[in-house]
Amino acid sequence: AVNRFWTHAMRDPWSPGGFTWLSGIKLEKVFLGNALATIAYRLFKIAVLAGSRAILEQPTTSIMWMFQPFCEMHESVKGWFGNRDVCLDGAPWRKPTSFYSNEKSITSISGICNCLVKHIALVGKCERTGENWTKIAGPYWPGTVRTVEKPFHEYARLSKTAKTVHKSGW
């Protein structure tokens, strides 16, 4: 629930948990967003404590990275960032994206755009479909999926007894 138009904003870097003056539907949206972010944090931490590899993803500029549970996560769970512009994987938009994982090799995916082509700006609506560009760019770009999964190949090849996920009750 972050909007680049201040009149629509429900949080900012100084209030990542949401503005205290919100009411009605905006307050409900902030509560829901905070609850979902907290659940993501808890699931990540549980997976790490169970001995699994875990990953979280958000746009690089997302205020979620400043949300209190995520600040605490950096202190309690050893992790690394891989920051990548998805245009490097063939997307027609830049969309800087951050991936946080307890797998150190996630850093190997980092890359910043050096494209010579103009990217689609993720503002407004697509003239052809009438959909918001942010909605169109929301799903993971297939090339980015392939890039992000590479650091996890070695873990996936481990035998089941070498992994601890089966011991965690999942």
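I'll start with K135, which has 57% relative accessibility and therefore counts as exposed; the scale calls a residue buried under 20% relative accessible area, exposed over 50%, and partly exposed in between (1.4 Å probe, protein chains only). K135 forms a salt bridge with E131, and their closest N and O atoms are 3.6 Å apart. The term salt bridge is used for a side-chain nitrogen of Lys or Arg within 4 Å of a carboxyl oxygen of Asp or Glu. E131 is partly exposed, at 32% relative accessible area.

Some ground rules. This is a predicted model, where local features need pLDDT of at least 70 and side-chain atom pairs count only at pLDDT 80 or more, while totals for chains, interfaces and linings use all residues. Residues are numbered from 1 along each chain as its sequence is written, and side-chain values use heavy atoms, with hydrogens and water left out.

Back to salt bridges: the structure holds four. One of them joins the side chains of R53 and E103, at 2.7 Å from N to O. That pair links distant parts of the chain, 50 residues apart: R53 sits in the loop between α1 and β1, and E103 in the loop between β3 and α3 (133–136). Helices here are DSSP runs (H or I, at least four residues), as are strands (E, at least two), numbered from the N terminus. E103 is buried at 15%, whereas R53 is partly exposed at 32%. Another salt bridge is between D85 and R94, at 2.8 Å, N to O. D85 is buried, with a relative accessible area of 4%, and R94 is partly exposed at 37%.

Now the strands. What does β3 pair with? Strand β1 (residues 55–59) runs antiparallel to β3, with five bridges between them, and strand β2 (residues 80–85) is also antiparallel to β3, with six bridges. Strands pair if DSSP finds at least two bridges between them. E57 stands opposite F99 in β3, and N83 has S98 as its bridge partner there. Five of the six residues of β3 (residues 96–101) are buried.

Last, the aromatics. There are eight aromatic pairs. In one, F19 and W21 have ring centres 5.0 Å apart and planes at 10°, so the pair is stacked. Rings of Phe, Tyr and Trp (its six-membered ring) pair if their centres lie within 6.5 Å; planes under 30 degrees apart are stacked, over 60 edge-to-face, and the rest tilted. F19 is buried at 14%, but W21 is exposed at 60%.
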